[in-house]
Amino acid sequence: MKNPCTMTEVQSSQLKAIGYCPATKTLACQFLRGEQKTALYPGVEPEQFEAFRTSESLGKHFGAHIKTPKDVSYADAPEKAEAEEAKA
């Protein structure tokens with residue numbers, strides 16, 4: 001799956017980068033630990049993303065207000081997605 005969001009690197013002990021796609025209301029989070037996949041969270045309103053983006057602690061805000069494992073899907077790392085596109 002391809003990530004529809006433009007990613008921005010962030011200063012966080014848990015997150016490497018975040019992004020948001022207003023057209024699909026999708027929040028994308030790339031974590032510092034684990035596989036280099038980007039977690040995609042659907043149904044995030046622009047106001048929710050703005051509150052997250054500007055929060056004092058991205059990790060705490062994510063855990064308290066966003067994390068919903070039943071709705072999450074994953075996008076491949078950009079390098080893998082580009083390699084898959086080149087094969088097609």
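Is Phe62 buried or exposed? Phe62 is buried, with a relative accessible area of 5%; the word buried stands for under 20% relative accessible area, exposed for over 50%, and partly exposed for what lies in between (1.4 Å probe, protein chains only).

## Basis of the report

The structure is a predicted model, in which local features need pLDDT of at least 70 and side-chain atom pairs count only at pLDDT 80 or more, while totals for chains, interfaces and linings use all residues. Residues are numbered from 1 along each chain as its sequence is written, and side-chain values use heavy atoms, with hydrogens and water left out.

## Aromatic pairs

A pair of aromatic rings is described by the distance of the centres and the angle of the planes. Rings of Phe, Tyr and Trp (its six-membered ring) pair if their centres lie within 6.5 Å; planes under 30 degrees apart count as stacked, over 60 as edge-to-face and the rest as tilted. The structure holds four aromatic pairs. One of them is stacked, because the ring centres of Tyr20 and Phe49 are 4.8 Å apart and the planes meet at 10°. Tyr20 belongs to strand E2 (residues 15-21) and Phe49 to helix H1 (residues 46-53), so this pair ties together parts that are 29 residues apart in sequence. Helices (H or I, at least four residues) and strands (E, at least two) are DSSP runs, numbered from the N terminus.

Phe31 and Phe62 form an edge-to-face pair, with 5.5 Å from centre to centre and 70° between the planes. This pair links distant parts of the chain, as Phe31 is in strand E3 (residues 26-31) and Phe62 in helix H2 (residues 58-65), 31 residues apart. Phe31 is partly exposed, at 22% relative accessible area. Phe31 and Phe62 also belong to one aromatic cluster with Tyr41 and Phe52.

## Cysteines

A disulfide is a covalent bond between the sulfur atoms of two cysteines; here the criterion is a pair of cysteine sulfur atoms within 2.5 Å. By this rule the count is zero. For Cys5, the nearest cysteine sulfur is that of Cys21, 5.3 Å away. The sulfur of Cys29 is 9.0 Å from its closest cysteine sulfur, in Cys5, and is therefore too far for a bond. Cys5 is buried, at 9%, and Cys29 is buried, at 0%.

## Surroundings of Asn3

Asn3 lies in the segment before strand E1 (6-9) and is buried, with a relative accessible area of 18%. A polar atom of the Asn3 side chain is 2.8 Å from the backbone nitrogen of Cys5.

Note on methods. A polar contact is a pair of N or O atoms within 3.5 Å; within protein, one must be able to donate a hydrogen and the other to accept it, and residues adjacent in sequence count only if both atoms are side-chain atoms.
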